[in-house]
Amino acid sequence: GKALIKPPDQLELTEAELEEEITRVLKAHNPHAPQNIVRYSFKERAYKRISHVNEVAIHFSYDGNLIPKDSDEGRRQCMKSTTGAEKAPDETSAETSEETQVKGEESTGDTQAAGEETAEESGTAEVAVAAGDEETPPPKKPEKKLVNRFNFTERATMTLNNPLREKACQAEPIAWKYFSATVNQWEIYDAYVEHIQKMEKEKEKEKSKPQAIKKEEEKKKERKFTSLEFQSNELAKISKAAKIMERMVNQNTLDDIIQDNRGICILASYTTQFSRYLPCIFHLHIYPWLVKKRSLILSNQNPKYKDLFAVGYGSYDFMKQSQGMLLLYTLKNPSFPEYIFSSESGVMCLDFHNDYPYLIAVGFYDGNVAIYNLKATFQPSYKSCAKSGKHTEPVWQVKWQKNDIDNNLNFFSVSSDGRIVSWTLLQNELVHTDVIKLSVEGTTAQRPEGLQLKTLGCGTSFDFHKKIDYLFLVGTEEGKIYKCSKCHSSQFLDVFEAHHMAVDSVSWNPYHSKVFISCSSDWTVKIWDHTIKTPMFVYDLNSGVGDVAWAPYSSTVFAAVTTDSK
């Protein structure tokens with residue numbers, strides 16, 4: 001008998017388990033068929049999911065060579081087979097006649113009797129062949145079968161439709177209203193009568209008013225029409241639309257300049273006539289009558305609106321001083337200023353407020369300081385005077401500081417009179433407080449009456465510490481730099497013998513809390529540590545240095561400008 005080999009991994013089942021019937025249901029669904037096929041519908045122009053999936057699974061396929069008789073290829077092969085069968089009997093009859101002719105030629109050498117017999121036989125054979133030829137009919141041509149017009153295949157091709165791209169633009173519709181009315185002669189007459197009555201009432205009111213009120217009203221009317229932007233009430237109605245149109249035209253005509261100046265608002269240059277630097281701005285002198293006989297003193301960028309910057313005009317020719325002007329330009333319209341403020345004295349310095357970008361602090365040549373509000377009138381909102389403690393000499397720098405304890409706005413100013421003044425903005429007045437006076441050591445003069453007078457230093461620039469609120473530096477015309485505190489008004493924290501000529505600028509490093517930089521007209525730029533009396537770095541630029549500034553992105557990079565336009 002055959003020995004059954006049992007595999008090692010076979011399960012050992014009991015008799016009950018072996019006799020148990022297991023049913024398996026076979027379905028026509030293909031478990032491996034995908035159920036999430038998506039096709040593009042050109043009718044609906046979107047991707048749609050196919051509901052019917054092909055469930056057929058092919059286990060075996062074989063390509064055969066059978067051809068249907070009704071097909072074109074089947075008809076060609078049938079025609080070939082019929083023509084081959086008709087040609088076969090004609091060839092066999094031709095071969096038999098050739099053989100008989102050969103045999104007759106070979107038997108010519110025999111006897112005459114045999115020749116006659118053969119001739120008779122051949123003659124009888126030829127007669128028989130001729131008779132057979134007459135009896136066999138000619139071959140018939142195959143009949144052409146009619147084409148079955150219902151046996152055809154349909155072929156079609158479809159090109160892909162390009163996806164549609166819709167692009168549209170819509171402008172805001174112009175506001176319009178329906179108005180309709182009927183007018184007759186009586187309505188026109190009544191309207192004229194009402195107008196005459198109103199005119200008479202207004203004349204009676206004017207007669208009854210006192211002269212003081214009339215003068216005030218006349219002054220108000222004059223103020224309305226002194227503005228350079230609005231010449232009449234009718235122009236005020238369309239001023240916003242006209243300003244937008246002007247900006248659009250200038251941006252088209254000056255497109256190259258605006259694209260080049262994107263991100264670059266101000267360029268600084270120097271003139272060899274003056275020690276102070278004069279910032280220059282692209283295309284600000286298109287209307288020279290605005291700033292006739294004035295020098296561009298300085299400029300400052302708005303901290304919030306980066307395209308807006310202020311320009312101050314005055315004169316460094318101290319023997320020929322004239323009126324000053326404060327202009328605010330925007331890169332969106334460099335051909336004409338957005339705001340125009342005129343002043344009695346030349347503008348020497350200005351500064352925007354960081355939290356309130358519409359407030360500008362301005363220092364003048366005559367020692368006054370003022371606050372301009374861009375949201376208010378074209379006159380300064382606050383201005384100092386002799387009673388409120390104005391400086392006696394030109395103000396060289398102003399700078400906003402954090403609000404005081406009562407949350408009032410305040411700023412500081414430095415002047416050639418040696419005073420560092422803190423100005424506080426109250427509700428209706430500008431209050432000053434002398435922070436410190438720059439006294440020069442060893443310059444006390446004895447008067448005949450026994451009085452001692454101290455000579456005050458001339459402040460030219462200052463800067464406040466970025467992290468320590470009370471600490472600030474002051475540069476003077478004597479070349480000294482004073483480290484001062486807001487808390488101590490009688491003494492200095494330290495004095496640096498920095499330069500041999502006037503200190504034009506001093507600035508704290510925005511990253512390193514101990515380092516500051518200074519520049520002077522003695523051709524040098526020096527970097528200091530405020531805890532050390534000697535400078536860490538000294539740079540000689542071979543010309544008077546008017547200003548210096550740290551880079552906002554690095555603690556070791558700074559820029560400087562000189563009086564020879566470098």
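Predicted model: local features only at pLDDT ≥ 70, side-chain atom pairs only at ≥ 80, totals over all residues.
Which residue forms a salt bridge with Asp494? Residues are numbered from 1 along each chain as its sequence is written, and side-chain values use heavy atoms, with hydrogens and water left out.

The partner of Asp494 is Lys533, and the closest N and O atoms of the two are 3.4 Å apart. A salt bridge, as the term is used here, is a side-chain nitrogen of Lys or Arg within 4 Å of a carboxyl oxygen of Asp or Glu. The general idea is that side chains of opposite charge can pair when their charged atoms come close. Asp494 is in strand 22 (residues 494-497), whereas Lys533 is in the loop between strand 25 (524-529) and strand 26 (537-540), so that this pair links distant parts of the chain, 39 residues apart. Strands (E, at least two residues) and helices (H or I, at least four) are DSSP runs, numbered from the N terminus. Asp494 counts as buried, at 18% relative accessibility. Buried means under 20% relative accessible area, exposed means over 50%, and partly exposed lies in between, with a 1.4 Å probe and protein chains only.

Let me now turn to the chain as a whole. Its secondary structure comes to 8 helices and 28 strands. Of its 566 residues, 30% count as buried. Taking contacts, meaning heavy atoms within 4.5 Å, between residues at least 6 apart in sequence, 41% join residues at least 24 apart.

I return to the salt bridges. A search of the whole structure finds 13 of them. One is formed by the side chains of Lys399 and Asp463, at 3.0 Å from N to O. Lys399 lies in strand 13 (residues 395-401) and Asp463 in strand 19 (residues 459-464), so this pair ties together parts that are 64 residues apart in sequence. Is Asp463 buried or exposed? At 6% relative accessibility, Asp463 counts as buried, while Lys399 is partly exposed, at 22%. Asp463 also forms a salt bridge with Lys466, with the closest N and O atoms 3.5 Å apart. Lys466 is partly exposed, with a relative accessibility of 47%. Elsewhere, Lys243, Arg247 and Glu338 are linked in a network of salt bridges.

The next topic is the aromatic rings. Rings of Phe, Tyr and Trp (its six-membered ring) pair if their centres lie within 6.5 Å; planes under 30 degrees apart count as stacked, over 60 as edge-to-face and the rest as tilted. By this rule the count comes to 19 aromatic pairs. Among them are Tyr339 and Phe341, whose ring centres are 6.5 Å apart and whose planes are at 10°, so the pair is stacked. Phe341 is buried, at 2% relative accessibility, whereas Tyr339 is partly exposed, at 27%.

Why is the pair of Phe341 and Tyr372 tilted? The planes of these two rings are at 50° and their centres 5.0 Å apart, so the pair counts as tilted. Phe341 belongs to strand 8 (residues 339-343) and Tyr372 to strand 11 (residues 369-373), and the pair links distant parts of the chain, 31 residues apart. Tyr372 is buried as well, at 3% relative accessibility. A further group, Phe412, Phe462, Phe464 and Phe472, forms one aromatic cluster.

Rings can also have a charge placed over them. A charge sits over a ring if NZ of Lys or CZ of Arg is within 6 Å of the ring centre and within 35 degrees of the ring normal. The charged end of Lys375 sits over the ring of Tyr358, 4.3 Å from its centre. Lys383 lies over the face of Phe364, at 5.6 Å from the ring centre.

Next, the cysteines. How many disulfides does the structure hold? The number is 0, a disulfide being a pair of cysteine sulfur atoms within 2.5 Å. Cys484 is buried, at 0% relative accessibility, and Cys519 is buried at 0% too.

I close with the later part of the chain. Finally, Thr562 lies in strand 28 (residues 558-562) and is buried, at 4% relative accessibility.
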